[in-house]
Amino acid sequence: MSIVNSHNEWDKLEEVIVGHVEDSIFPEHHISLLGGTPQRMYNLMRFLGGLPRKPDRFFLKQAREELEELVKILEAEGVKVRRPNRIKHHKRVKTPNWKSRGHTLACPRDCFLVIGDEIIEAPMSWRNRYFEREAYYEIFKEYFDQGAKWTSAPRPLLKDSLYNKKYKVPASLNEMEYVINESEIVFDAADFVRAGKDIFVTMGNVTNEEGVKWLERHLGDKYKIHRIPTKSHQPMHIDTTLIPMGPKKILINPKYIDINELPPIFDDYEILVAPEPLLVDGGLFNENATMCSTWLNMNILLIDKERVLVEKTQTPMIEALKKWGFKPIPCSLIALGAFGGAFHCVTLDIRRSSKLETY
């Protein structure tokens with residue numbers, strides 16, 4: 001088996017990369033942020049954008065401690081854990097078309113897509129994440145030297161013309177529009193989830209049709225990419241919408257997914273409907289603090305077909321997982337919502353004991 005080997009979301013996890021929040025700053029204000037960030041947080045970036053996160057006031061200390069606890073749990077479950085290098089996010093970088101500071105290294109899943117023995121670097125549309133991949137170079141070079149494939153999608157220019165500067169969060173699906181257009185090839189890796197030869201994607205404010213077409217051509221006929229319609233008004237990242245939980249088994253968000261509109265591939269699937277998230281104090285499920293959807297209660301990480309990491313405050317989800325035959329491992333990751341993710345987001349599975357199959 002290759003050092004890099006991951007074909008789905010559920011086979012036994014052997015090696016994983018976990019992000020970190022060191023040196024994180026608030027993202028600089030830019031219209032692209034509104035595509036997946038609650039309006040109140042987007043407005044707050046006008047004042048906080050570019051400033052470092054203070055450990056006690058802005059969740060940094062808590063998030064750091066939670067990630068360390070996550071690492072301990074993963075290692076106790078037999079998983080090898082790697083961490084990226086640190087980056088000084090406050091340093092302003094410049095291209096011929098724009099300049100920006102960075103943001104955070106909390107969520108490696110956003111940046112990289114592992115398909116089989118290949119690591120694919122995503123052409124992301126947020127300027128503040130353009131050079132985030134540098135933190136992973138040494139790890140990926142090590143994997144490459146051991147036989148893994150390492151590919152980068154065409155780096156987008158991220159010109160002003162890519163963004164809809166008049167974008168507003170649509171009040172209804174009838175008024176649906178996105179903050180990006182089709183003028184460049186862009187996608188976030190977190191808009192894709194894998195089930196062997198079938199890959200599922202939601203398009204929206206960080207992934208466009210051009211990005212999906214590039215990945216289709218790159219992967220070739222061996223894989224089939226299925227576009228999943230979503231009712232989210234701010235679609236960004238599929239892992240709060242649909243998660244494969246095993247062969248012919250998916251977890252869906254009933255607010256974003258209409259079961260009657262799922263593609264035919266799911267006709268013989270077991271559909272697990274996620275319970276409503278509990279809103280609690282802290283970053284993850286606090287609508288005044290999170291950088292993302294409160295439906296991160298379904299942003300879980302499967303260690304194998306039974307063991308699954310889940311936020312410990314989300315008792316309805318824990319009980320639902322038990323009912324469905326899983327073995328939940330409760331862990332606190334509540335502060336990471338302020339940095340943009342939960343268990344699936346803050347990890348990148350590098351190796352699972354699996355092979356490529358059609359389910």
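This is a predicted model: local features need pLDDT of at least 70, side-chain atom pairs count only at pLDDT 80 or more; totals for chains, interfaces and linings use all residues.
In helix α2, the buried residues are Leu60, Ala63, Glu66, Leu67, Leu70, Val71, Ile73 and Leu74. Around the helix axis they cover an arc of only 165 degrees, which puts them on the same side of α2.

On the face of α2 turned away from the buried side we find the exposed residues Lys72 and Ala76. As for the length of the helix, α2 runs over residues 60-76, and at 1.5 Å a residue its 17 residues should span 24 Å, which agrees with the 24 Å between its end C-alpha atoms. Just after α2, glycine 78 takes a positive phi of about 90 degrees.

What do the buried residues of α2 pack against? Their partners are strands, namely β1 (13-18), β2 (80-82), β14 (301-302), β15 (307-311), β16 (327-331) and β17 (347-352). Of these, β17 is mostly covered, with 6 of its 6 residues buried, and β17 pairs with β1 in the antiparallel sense over 5 bridges. Leucine 13, for its part, stands opposite arginine 352 in β17.

Let me turn to the nonpolar cores. The largest has 34 residues, and the members that touch the most others are Val4, Ile17, Phe140, Tyr143, Phe192 and Leu215. Two or more residues come from each of β5 (112-115), β6 (118-121), α3 (137-145), β9 (198-201), α4 (209-219) and β17. A second, separate core of 30 residues includes Ala195, Ile250, Leu262 and Tyr359.

Finally, the aromatic rings, for which the count comes to 13 pairs. Tryptophan 10 and tyrosine 359 have ring centres 5.0 Å apart and planes at 65 degrees, so this pair is edge-to-face. Because tryptophan 10 lies in the segment before β1 and tyrosine 359 in the segment after β17, the pair ties together parts that are 349 residues apart in sequence. Tryptophan 10 is buried at a relative accessible area of 1%, and tyrosine 359 is buried at 19%.

Phenylalanine 112 and phenylalanine 140 are also edge-to-face, since their ring centres are 4.9 Å apart and their planes stand at 90 degrees. Phenylalanine 112 sits in strand β5 and phenylalanine 140 in helix α3, 28 residues apart, and both are buried.

Terms used
Residues are numbered from 1 along each chain as its sequence is written. Side-chain values use heavy atoms; hydrogens and water are left out. Helices (H or I, at least four residues) and strands (E, at least two) are DSSP runs, numbered from the N terminus. The expected span of a helix is 1.5 Å times one less than its number of residues. Buried means under 20% relative accessible area, exposed over 50%, partly exposed in between (1.4 Å probe, protein chains only). The arc is that of the directions from the helix axis to the C-beta atoms. Contact means heavy atoms within 4.5 Å. Two strands pair if DSSP finds at least two bridges between them. A nonpolar core is a set of buried Ala, Val, Leu, Ile, Met, Phe, Trp, Tyr and Cys residues joined through side-chain atoms within 4.5 Å. Rings of Phe, Tyr and Trp (its six-membered ring) pair if their centres lie within 6.5 Å; planes under 30 degrees apart count as stacked, over 60 as edge-to-face and the rest as tilted.
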